Amino acid sequence: MPEVRDDAEQQRYEAVLDGQLAGVAEYVLDGGRIVFTHTEVDPAFGGRGVGGALVEAAVADATGRGLAVAARCPFVARWLAEHPLDGAGGRAEAPS
């Protein structure tokens, strides 16, 4: 599984696998919530679970910091629908 880290300066979580940037989940902070706007996995890493692992780690980190989670990104919105956040405030917004 990839190592996932928050690059707050770039406003994105990064998934690193085999020493390479494998994917990103971009976000904006809006008060006490984080809104995921775009998720992308390098095609070279496709089919290896990078996207799911990236979103899982990003959401866990954000909720661990007390942030409500929202998604404008369809991938994150699907992930949230499939993995309800027990009282953590996660919800999907209509993708824009």
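**View 1. D18 lies in the loop between strand 2 and strand 3 (20–30).** Helices (H or I, at least four residues) and strands (E, at least two) are DSSP runs, numbered from the N terminus. This is a predicted model, in which local features need pLDDT of at least 70, side-chain atom pairs count only at pLDDT 80 or more, and totals for chains, interfaces and linings use all residues. Residues are numbered from 1 along each chain as its sequence is written, and side-chain values use heavy atoms, with hydrogens and water left out. D18 is not a glycine, yet its phi is positive, at about 55 degrees. The relative accessibility of D18 is 61%, so the residue counts as exposed; exposed means over 50% relative accessible area, buried under 20% and partly exposed in between (1.4 Å probe, protein chains only). Strand 2 and strand 3 form a hairpin with two residues between them, and D18 is in the turn. Pairing of strand 2 with strand 3 is antiparallel, over six bridges, where two strands pair if DSSP finds at least two bridges between them. Within this pairing, V16 stands opposite L21 in strand 3.

**View 2. Q11 is in the loop between strand 1 (3–7) and strand 2 (12–17).** The phi of Q11 is near 55 degrees, a positive value in a residue other than glycine. With 33% relative accessibility, Q11 counts as partly exposed. The hairpin of strand 1 and strand 2 has four residues between the strands. These two strands run antiparallel and are joined by five bridges. For V4, the bridge partner in strand 2 is A15.

**View 3. Strand 2 has buried residues pointing both ways.** One way point R12, E14 and V16, the other way Y13, A15 and L17, and all are buried. Because six of the six residues of strand 2 are buried, the strand is largely enclosed by the rest of the structure.

**View 4. Helix 2 (residues 74–82) has buried residues V76, A77, W79 and L80.** They cover an arc of only 160 degrees around the axis, which puts them on the same side of helix 2; the arc is that of the directions from the helix axis to the C-beta atoms. On the face of helix 2 turned away from its buried side are the exposed residues A81 and E82.

**View 5. Helix 1 (residues 50–64) and helix 2 have axes that cross at roughly 70 degrees.** The two axes come within 11 Å. That makes helix 1 roughly perpendicular to helix 2. Axes are lines fitted to C-alpha atoms, for helices over the stretch in contact, and angles run from 0 to 180 degrees between N-to-C directions. Angles under 35 degrees count as roughly parallel, over 145 as roughly antiparallel, 65 to 115 as roughly perpendicular and the rest as oblique. From helix 1, G51, G52, V55, E56 and V59 meet F75, V76, W79 and L80 in helix 2, contact meaning heavy atoms within 4.5 Å.

**View 6. The protein chain has two helices and six strands.** Along the sequence, their pattern is β-β-β-β-α-β-α-β. The chain has 96 residues, of which 38% count as buried. Among contacts with a separation of 6 or more, 37% are between residues 24 or more positions apart. The accessible surface of the chain comes to about 5,200 Å², and 47% of this belongs to carbon and sulfur atoms. Accessible areas come from the Shrake-Rupley method with a 1.4 Å probe; for residues, only the protein chains shown count as cover.
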